[in-house]
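Dear colleague,

I am passing on a structure that you have not worked with before, and below it I have set out what was found. Please read the notes with the model open beside them.

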Amino acid sequence: MQGFMGRAETRPSWDDINGRPSVRIFLGALAAAMLIASCQGIPPRSHRGPPAGVGARLVVHFIDVGQGDATLITASTGERLLIDGGRSRSLIRERLRALGVANLDAVVATHADADHLAGLLEVLDMYRVKRIYYHAELRTTVTYHNFVRAAQAERAQIIDPRRGDQIILGDLVLAVLNPAPVLRGESNADSIVLRLSCGTIDVLLMADAEAPSEQDMLAAGVVGDVEVLKVGHHGSRTGTTQPFLAATTPEHAVISAGVGNSYGHPHPEVMRALQRIGAAIVMTDTDHSIDETVRLESDCVSYSLSR
């Protein structure tokens, strides 16, 4: 059997928490905007991958869901896994229909924040999935409890993954790097982090994991070189630390953050850190008026990125 081996809350910005003067917030946002403007196109550093639809063993869509997260993985066998669904039920429905997704085999809810979880309620209405991966959280939000009820009603296999486990999708393997066997009890810290491997190509999907989780994964020795990094927590300065980037050395960094979002994501410090290591930065949403979903295609030897 293919499968498992082995708040809708409003949060203050980091600047608000630290009481930084408004002029520094403005300058930081301006610097970020200038960096983001340079990331609107797919940078030319992508490996030369297979022509579209020819020899592809892996297709990943980093879906434009605005300020949120949703990633669709398709194996050569046709099996599909959706990781998170963004905040908007209508938007994830529109995006999946535009991609021609007729079926889903599995869903991962990385953690309980509404900008990752709320759209999955629509997904579970749209599709009959076989497996649902998430871990129990002590959350009181309506969105989280609605998701748990929907998952149970789906009559799917419900799996609580931990570091060392694997998710099998056709001929693809996704290694679970986080959370640790014992949960920290904080939603972002317990985010499900996955490393997708296909031959020599590795894609690291960070969800909302931050610096403490990065340190924990480094200490556990589960982090190594990757080709593509899905940047954690929408490019927040609370993660994507220098030691973590030194260990992963990504060639491409994909950031899913809504243009003009109230958190200031991605933060200028993260953009500069990625540029210092030579990573080409790709954004999923620099213009609300168009769909900027990013497509990765690979034959498991090389890969290409496109919109």
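Helices (H or I, at least four residues) and strands (E, at least two) are DSSP runs, numbered from the N terminus. With that naming, helix H8 is followed by glycine 278, whose phi is positive, near 85 degrees. Helix H8 itself covers residues 268–276, and its buried residues (buried meaning under 20% relative accessible area, exposed over 50% and partly exposed in between, with a 1.4 Å probe and protein chains only) are Pro268, Val270, Met271, Ala273 and Leu274.

Please keep in mind that this is a predicted model, in which local features need pLDDT of at least 70 and side-chain atom pairs count only at pLDDT 80 or more, while totals for chains, interfaces and linings use all residues. Residues are numbered from 1 along each chain as its sequence is written, and side-chain values use heavy atoms, with hydrogens and water left out.

Turning to helix packing, H4 (residues 114–126) and H5 (residues 142–153) pack at an angle of about 30 degrees with their axes 9 Å apart, where axes are lines fitted to C-alpha atoms, for helices over the stretch in contact, and angles run from 0 to 180 degrees between N-to-C directions. H4 is therefore roughly parallel to H5, given that angles under 35 degrees count as roughly parallel, over 145 as roughly antiparallel, 65 to 115 as roughly perpendicular and the rest as oblique. Among the residues in contact (heavy atoms within 4.5 Å), Leu117, Leu121 and Leu124 of H4 are on one side, and Tyr144, Phe147 and Ala151 of H5 on the other.

Helix H3 (residues 89–98) also packs against H4, their axes coming within 8 Å and crossing at roughly 50 degrees, which means that H3 is oblique to H4. The residues that meet there include Arg89, Ile92 and Arg93 in H3 and Glu122, Val123 and Asp125 in H4.

Finally, the structure holds 1 aromatic pair, a term for rings of Phe, Tyr and Trp (its six-membered ring) whose centres lie within 6.5 Å, with planes under 30 degrees apart counted as stacked, over 60 as edge-to-face and the rest as tilted. Tyrosine 134 and phenylalanine 147 form this edge-to-face pair, at 5.2 Å centre to centre and with 80 degrees between the planes. Tyrosine 134 lies in the loop between strand E6 (131–133) and H5, whereas phenylalanine 147 is in helix H5, 13 residues apart. Both tyrosine 134 and phenylalanine 147 are buried.
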